[in-house]
Amino acid sequence: MVLDDDVKKIFLETFPALPESDFQWGKTQKDYEDWDSFAQLNLITLAEAKFEITFSDDEVTSISSAKNLLDRIKSHI
Amino acid sequence: MNTIADFLKNSYRAYPDKIAIIDNNSKLTYSELNQGVNDFSSFLNKFPKNSVISLLFDNTHEFVISYLGTISSGCIAHLIPTGISQKNLMGQISSAKPKLVLSSENHFSKIAEIESKIIEKLRFSEVKKISSNDRKPQPSDYAYLIYTSGTTSSPKGVPITHSNCVFTTTNIVRTLQYSQDDIDVLPLPLSHSFGLGCLHTSLYVGSTLIIHKTVEIPQIFDSIKNYNATTLAAIPSTLSKIVSNGFDDSSNILSNLRLIITNSTFFPPETIKKLKKILKNGKVATYYGLTEASRSTFMIFDDDNKIESVGKPSDGISLKLVSNNEESTIGEVWIKGHNVIEKYWNEEHTKENLDDGWLKTSDLGKIDDDGYLYILGRVDDLINISGEKVYPQEIERVVKVLTGIDDVIAVPMKHEVFGEVVKLFVKKSIESNISKTDILTHCIKNLERFKVPAKIEFVEDFPRTDYGKIKRFMLK
């Protein structure tokens, strides 16, 4: 559960305008108004820094929800 | 006054018994300084006028005598920073072609390695009076030669005439109201344009100059306290340290200064505010200039409105901003005036950097409606993210406010999608436990998304020039 909390925190830090009550693991990129390509870059950078991992290009493009991100991180640690 | 030599002559005549220079070991009156300079000058009569004399000294009275003695004899003082690497020393000697290389005892081993049969190498103590000095410099003669720090490219030799220097010094004195009553504390290298300008100013008005070999804040405080100093010249990082929490007595010690002067394209607003609060009646000021165009603008921080500006052009100096070969509201800063050099040493770099008297600075600037100049960064340092031009300094300023960070440099990093993204090199303070995620979270809150670094690397230190400036281009 600690990992879940950490990933959720990364999400909320990347999208500061997102109220915590609106956070959903399955919500996808198209559901977020401000999840553009730069927000994607911020999200990936923050996750990589937090967990000291490096995503491949394929992984980066496949991450389109908080759940995706959590799964990808799990595969690295 | 027409030459730098006149500064000393005038002050010597007006105040012969007044203390001119204080260093760690000694105090010299204007009379003693004048005698020392005359004796030194006489020794140089054996060299032709306009010979280059290279000087490698710490901040001591020996340096002051050697420097003034050299220029008073009509020779050119090549000023070498003490932190110079052996490779760069050889490069400068090869370019400057001095007749004599002179150093203090502690630096002699460096110059002893110069392999040349035509260059004389001496310690200061080996210079003896020979005869009276009958040579005088002319305003158009070169007074000194400094090699620029090379933060963006290889060092360039910058020769400054007496006339350049008289113009600049007159501007400094008038703008910052220096007088013979001042007692100036100087923890800056005299081999650098900032420190040397302070020496000229002090000699011009006949004040007392306290020179420090190193930047030790307790010693700076001792000088201010023990000599009732009135001005302090220091770089922004020294001033930021002074007002940091580590020095509780800074308020008492600094409060009576009439002036704190620094030089920077960016002076942290928090530091300015803290200093202004400390000074009872004094002013905080900065200037913008290059070795090639010293003190081109001055900024006295009277209110908080223009706190990020480097001020307005000094008297007799013109500025313009150029973008795509046309004058623009944002663009490369070009400077013209009597402070600007006519050419570089050996004519190298002259064509690309000087155009009809205008010096192209490579600094990017903007001028507001009131005529105040703001330096945004360097032309070559812009980061191009999907066509958006990002000034690295903007990112660095945002990150620098975080506690636990000593210094930070933002550079472009190639990116498949965006062309370039921001990479950040961070030097943490000792015992800082700030994390990359702390920095990123702060950036996300305070920067547009595309400016947020895509990579952060912690470093022990940065590659630096002989003057201690960070070599940004080596991080790209």
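# Exercises on a two-chain predicted model

The side chain of Thr350(B) reaches the backbone oxygen of Glu347(B) at 3.2 Å. That is a polar contact, meaning a pair of N or O atoms within 3.5 Å; within protein, one must be able to donate a hydrogen and the other to accept it, and residues adjacent in sequence count only if both atoms are side-chain atoms.

Some ground rules before we start. This is a predicted model, in which local features need pLDDT of at least 70 and side-chain atom pairs count only at pLDDT 80 or more, while totals for chains, interfaces and linings use all residues. Residues are numbered from 1 along each chain as its sequence is written, chains are lettered from A and ligands numbered from 1 in the order in which they are written, and side-chain values use heavy atoms, with hydrogens and water left out.

## Exercise 1: the setting of Thr350(B)

Step 1. Helices (H or I, at least four residues) and strands (E, at least two) are DSSP runs, numbered from the N terminus.

Step 2. The classes are buried under 20% relative accessible area, exposed over 50%, and partly exposed in between (1.4 Å probe, protein chains only).

Step 3. Leaving out residues up to four places away in sequence, Thr350(B) touches Glu342(B), Lys343(B) and Tyr344(B). Contact here means heavy atoms within 4.5 Å.

## Exercise 2: the partners of Asp58(B)

Find which side chains make polar contacts with Asp58(B), and describe where this residue sits.

Step 1. Look in the loop between β3 (52–56) and α3 (61–72) of chain B, where Asp58(B) lies.

Step 2. With 16% relative accessibility, Asp58(B) counts as buried.

Step 3. List what Asp58(B) touches, not counting residues up to four places away in sequence: Phe63(B), Thr82(B), Ser104(B), Asn106(B), His107(B) and Lys213(B).

Step 4. Pick out the polar contacts between side chains: Asp58(B) is joined to Asn106(B) at 2.8 Å and to His107(B) at 3.2 Å.

## Exercise 3: strand β20(B) and its neighbours

Work out which strands pair with β20(B), and why this strand is described as largely enclosed.

Step 1. Strands of a sheet pair through backbone hydrogen bonds, either parallel or antiparallel. Two strands pair if DSSP finds at least two bridges between them.

Step 2. Start with β18 (residues 330–336) of chain B: five bridges join it to β20(B), and the two run antiparallel. Within this pairing, Gly331(B) has Gly365(B) as its bridge partner.

Step 3. Turn to β19 (residues 354–355) of chain B, joined antiparallel to β20(B) by two bridges. Asp355(B) stands opposite Trp358(B). These strands form a hairpin with two residues between them, and Asp356(B) in the turn has a positive phi of about 55°.

Step 4. Go on to β21 (residues 373–378) of chain B, which pairs with β20(B) in the antiparallel sense over five bridges. Here Ile367(B) has Leu373(B) as its bridge partner. The hairpin has five residues between the strands, and Gly371(B) takes a positive phi near 90°.

Step 5. Seven of the ten residues of β20(B) (residues 358–367) are buried, so the strand is largely enclosed by the rest of the structure.

## Exercise 4: where the chains meet

Describe the interface between chain A and chain B, including what chain A brings to it.

Step 1. Count residues: 16 of chain A are in contact with 17 of chain B.

Step 2. Take the area. About 1300 Å² is buried between the chains, 69% of it from carbon and sulfur atoms; buried area is the accessible area (1.4 Å probe) that two parts lose on being put together, summed over both. In chain A, Phe38(A), Leu41(A) and Asn42(A) lose the most area to chain B, together 41% of what that side buries.

Step 3. Check the polar side. Three residue pairs are in polar contact between the chains (both at pLDDT 80 or more).

Step 4. Assign elements. On the chain A side, α1 (2–14) and α2 (37–51) each give two or more residues, and α2(A) gives the largest share, nine residues.
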